[in-house]
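Subject: Structure handover

Hello,

Here is the structure I said I would pass on. My notes on what was found in it follow below.

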Amino acid sequence: MATGVAAWLPFARAAAIGWMPVANCPMPIAPRDNSRKQDELIILNVSGRRFQTWRTTLDRYPDTLLGSSEKDFFYNEETKEYFFDRDPDAFRSILNFYRTGKLHYPRHECISAYDEELTFFGIIPEIIGDCCYEEYKDRKRENLERLQDDQEENKDLKQPNLNFRETMWRAFENPHTSTLALVFYYVTGFFIAISVITNVVETVPCGTTTNQKDMPCGERYTVAFFCIDTACVMIFTVEYLLRLFAAPSRYRFMRSVMSIIDVVAILPYYIGLVMTNNEDVSGAFVTLRVFRVFRIFKFSRHSQGLRILGYTLKSCASELGFLLFSLTMAIIIFATVMFYAEKGSSSSKFTSIPASFWYTIVTMTTLGYGDMVPKTIAGKIFGSICSLSGVLVIALPVPVIVSNFSRIYHQNQRADKRRAQKKARLARIRIAKSGSANAFLQSKHNGLLNELLELTGSEEDEQKLIKSISLLKSQHHHLLRCLEKTTAHEFVDEQVYEQNCLETALQTYPSHSSSIASHDSPAVTCCGASGKKNTPLPNANLPLANPVPSHRGPLQELSALHIQSADPLSHTSSRSNLNLRTDESKRINCKSGRITTAIISLPTPPALAPDADGLHGPPQRRPPPPLGHPAAPSIQTTTSSAGTNIVKVSAL
Amino acid sequence: TVFVVWLVNTRGRQRAPSDSDLELSTVRHQPEGLDQLQAQTKFTRKELQSLYRGFKNECPSGLVDEETFKSIYSQFFPQGDASTYAHFLFNAFDIDRNGSIRFEDFVIGLSVLLRGSVTEKLNWAFNLYDINKDGYITKEEMLAIMKSIYDMMGRYTYPCVRDDAPSEHVDKFFQKMDKNRDGVVTIEEFIETCQKDENIMNSMQLFENVI
């Protein structure tokens with residue numbers, strides 16, 4: 001049961017008296033509280049420091065060390081106290097957990113020492129309250145990372161048997177792993193540098209030749225540059241192909257930024273090879289050579305800093321985008337104003353609004369080239385306003401971006417953390433809920449076995465079963481059973497519920513059984529399930545009258561329904577399920593919605609996961625015909641959330 | 001400039017504190033003395049002590065408001081939605097209808113439920129069902145109560161809870177209780193019918209030994 005509300009269980013049980021007058025069935029017997037001793041003080045001696053608390057405080061969490069009988073191992077007969085040889089400081093927060101229901105993480109504690117204490121006392125760290133959980137997780141992650149770093153260094157030394165491809169990939173990604181990788185790394189870096197320098201030097205005027213013109217070196221030493229270019233591109237191509245070969249996921253590699261840069265770097269050369277010296281395309285060809293400058297980005301493989309910069313720009317992109325947008329707005333406004341202000345003056349350079357953009361940008365960024373200046377008075381006034389606001393507009397965003405960036409970066413990290421924690425927290429809550437619900441169903445199951453054993457007279461087994469549940473739990477379960485009796489319905493497992501829904505939705509054939517009307521069945525289950533009556537129920541053709549597995553043989557007369565619902569049902573659907581009593585007027589409050597009639601000649605879904613969520617239609621009932629043959633046109637297939645193909649039956 | 005104005009505005013907005021944040025959020029309630037409570041209820045001194053310790057642990061301020069009450073009660077019924085029934089229960093305990101349960105209300109209610117006579121318990125149950133406390137249980141009130149009880153069962157039940165299950169249940173209840181068929185159940189009809197029903201009488205004794 002959930003934390004800390006054990007104190008309210010007596011209240012909840014007392015409040016159950018409110019159900020009694022409306023219940024139609026008799027209530028189950030309450031569990032006997034055999035231990036009626038008064039509450040007493042327990043002394044816990046932790047390394048000399050004595051803590052005292054009530055016994056009931058510790059009993060709140062029966063699956064921890066202090067709450068269970070495990071502490072008896074630490075009982076000191078002479079001093080009548082429980083002695084633990086552990087850290088008393090950490091014990092404070094553990095004892096407070098029992099008292100308040102919230103576990104706090106003291107910040108001055110070492111994370112691994114605290115973890116050890118928690119493990120010793122049988123408390124799972126996930127219970128740590130929200131106030132301290134983030135800190136705890138952060139410290140734990142830091143610790144893990146530190147340990148991992150150490151581990152990775154060790155890992156590099158030992159070489160498990162990687163195959164050739166994996167070795168190559170590791171060599172590419174971490175050049176420090178082997179000498180060959182290091183050599184390769186430096187060689188490629190060298191060639192990138194060469195290539196970039198070549199591109200630059202190509203355009204430098206190389207001194208005059210016989211004709212007076214200054215030729216750029218590229219045109220003077222065409223062959224030499226061409227050779228260098230070819231060599232570089234060959235190296236890059238080989239490198240790219242090797243990386244492609246070694247990549248564990250080629251598709252993902254091809255989509256990654258670095259490989260795109262590689263491709264863009266070498267493509268112009270090949271395109272240039274392919275294209276002829278046609279006059280029309282040479283212009284385009286020249287443009288392509290510009291892309292060769294992308295080779296410089298290949299350095300980012302060699303420089304961690306460049307990569308980080310790229311990543312930060314990417315993460316700050318929305319802020320930058322907004323800044324750009326607002327700047328554009330300002331530019332448009334001022335350009336328009338300047339254009340109309342300068343329209344009057346003759347020989348004005350402000351020929352159109354787009355032409356004024358240039359003036360606005362140059363002025364706002366305080367560059368002031370002077371190639372366009374306003375001549376009218378209005379133009380000068382607005383021009384000065386423009387430059388003044390430009391100072392503000394440009395000077396302000398820089399610190400804002402910096403602080404924004406750092407804030408967003410940390411916020412992102414925190415948001416991701418919170419999202420992950422939220423998911424973990426919801427999962428915890430769900431597990432706790434389903435855990436308690438499952439515990440109840442399990443205990444019901446045990447309780448029935450109990451009743452059986454009572455009837456068959458084996459007392460020892462009964463005692464064994466009873467002892468296994470704590471008093472608190474048994475009282476809670478008794479409460480839930482009273483609720484069941486009040487409403488004359490039972491709690492079942494989710495899977496069983498789905499199964500029931502399917503089967504009750506399966507109302508096609510007129511049933512051969514006349515026995516039980518559905519609105520009688522609650523009464524039947526209610527009173528039949530008490531187990532006190534020994535009359536065999538007319539259960540022969542009840543909806544779940546599957547042949548019950550044989551180890552429940554003697555039970556079959558009594559409350560066969562119960563055992564069914566407690567078992568996770570096997571979905572070996574038998575024909576008997578089809579012999580349901582039809583009741584067209586029944587509305588079923590199941591997830592399947594209102595299905596009045598159903599058609600059973602179905603194409604069967606390929607696989608039916610028994611615990612698929614959102615099952616809509618009937619499962620397969622006959623050997624599956626090949627899927628390509630749709631039977632009745634009224635049937636649509638819907639894929640449930642679990643991904644299995646379930647057929648949804650529409651009412652005709 | 002537009003950008004600047006926007007910037008200034010957003011910065012300013014973040015820094016405006018609201019006085020309402022400074023309201024004192026600690027309201028505390030001290031219960032009456034142990035002797036008075038002993039006189040008002042049928043619990044022994046030790047029982048009152050242990051009850052108060054548990055109560056104070058869960059609600060250090062000494063008052064339970066409806067939200068806390070709902071969340072505590074819902075923990076016992078993980079599969080369904082116990083909030084509506086908890087609301088009715090809260091109103092049944094909150095005798096002076098001031099929106100919070102003090103320890104006195106709590107312990108007086110418990111005294112009736114656990115140590116009271118059968119008539120007192122039936123009175124309490126009637127009070128629970130009579131939502132507007134006018135002395136009559138109408139079909140609508142009963143339907144609301146019934147629906148809230150069925151809500152606690154949740155969805156995964158066997159057999160599936162049908163939409164008309166609560167109203168059927170209410171009809172059965174009224175058939176049994178409403179003797180003069182006037183559409184409402186009065187306290188006398190209620191007590192009389194319950195006293196005749198053996199099941200109900202037995203179940204009333206069920207929780208005698210809870211504390």
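In chain B, the UniProt annotation "domain: EF-hand", which comes from an unreviewed entry, covers residues 81–116, 117–152 and 165–200. Please keep in mind that this is a predicted model.

Next, the interface of the two chains. On the chain B side 66 residues are in contact with chain A, and on the chain A side 76 residues take part. About 6,300 Å² is buried between chain B and chain A, and carbon and sulfur atoms give 70% of that area. Three residues, Phe76(B), Tyr158(B) and Phe207(B), supply 14% of the area that chain B buries against chain A, more than any other three residues. By class, the side of chain B that touches chain A is made up of 47 nonpolar, ten polar and nine charged residues.

How many salt bridges cross the interface of chain B and chain A? The rule finds zero. It does find seven residue pairs in polar contact across the interface, with both residues at pLDDT 80 or more.

The two chains also pair through strands.

- β1(A) (residues 41–46) and β2(A) (residues 49–54) run antiparallel and are joined by six bridges. Leu41(A) has Trp54(A) as its bridge partner, and Ile42(A) stands opposite Thr53(A). The hairpin of these strands has two residues between them, and Ser47(A) takes a positive phi near 50°.
- β1(A) pairs with β4(A) (residues 81–84) in the parallel sense, over three bridges. Here Val46(A) stands opposite Phe84(A).
- β3(A) and β4(A) run antiparallel, joined by two bridges. The bridge partner of Tyr75(A) is Tyr82(A).

As background, strands of a sheet pair through backbone hydrogen bonds, either parallel or antiparallel.

Last, the salt bridges. Which residues of chain A give an example of one? The side chains of Glu239(A) and Lys298(A) meet in a salt bridge, at 3.6 Å from N to O. This pair links distant parts of the chain, 59 residues apart: Glu239(A) belongs to helix α9 (residues 222–246), while Lys298(A) is in the loop between α12 (279–290) and α13 (304–315) of chain A. A search of the whole structure finds 25 salt bridges over all chains.

Regards

Definitions and conventions:
Residues numbered from 1 in each chain as written. Chains lettered and ligands numbered in written order. Heavy atoms only, no water. Contact = heavy atoms within 4.5 Å. Buried area = accessible area lost by both parts, 1.4 Å probe. Salt bridge = Lys/Arg side-chain N within 4 Å of Asp/Glu carboxyl O. Polar contact = N/O pair within 3.5 Å; in protein donor to acceptor, adjacent residues only side chain to side chain. Nonpolar A, V, L, I, M, F, W, Y, C, P; charged D, E, K, R; others polar. UniProt positions renumbered as here; feature names shortened; annotations may be inferred. Pairing = 2+ DSSP bridges. Helix = DSSP H or I, 4+ residues; strand = E, 2+ residues; numbered from the N terminus.
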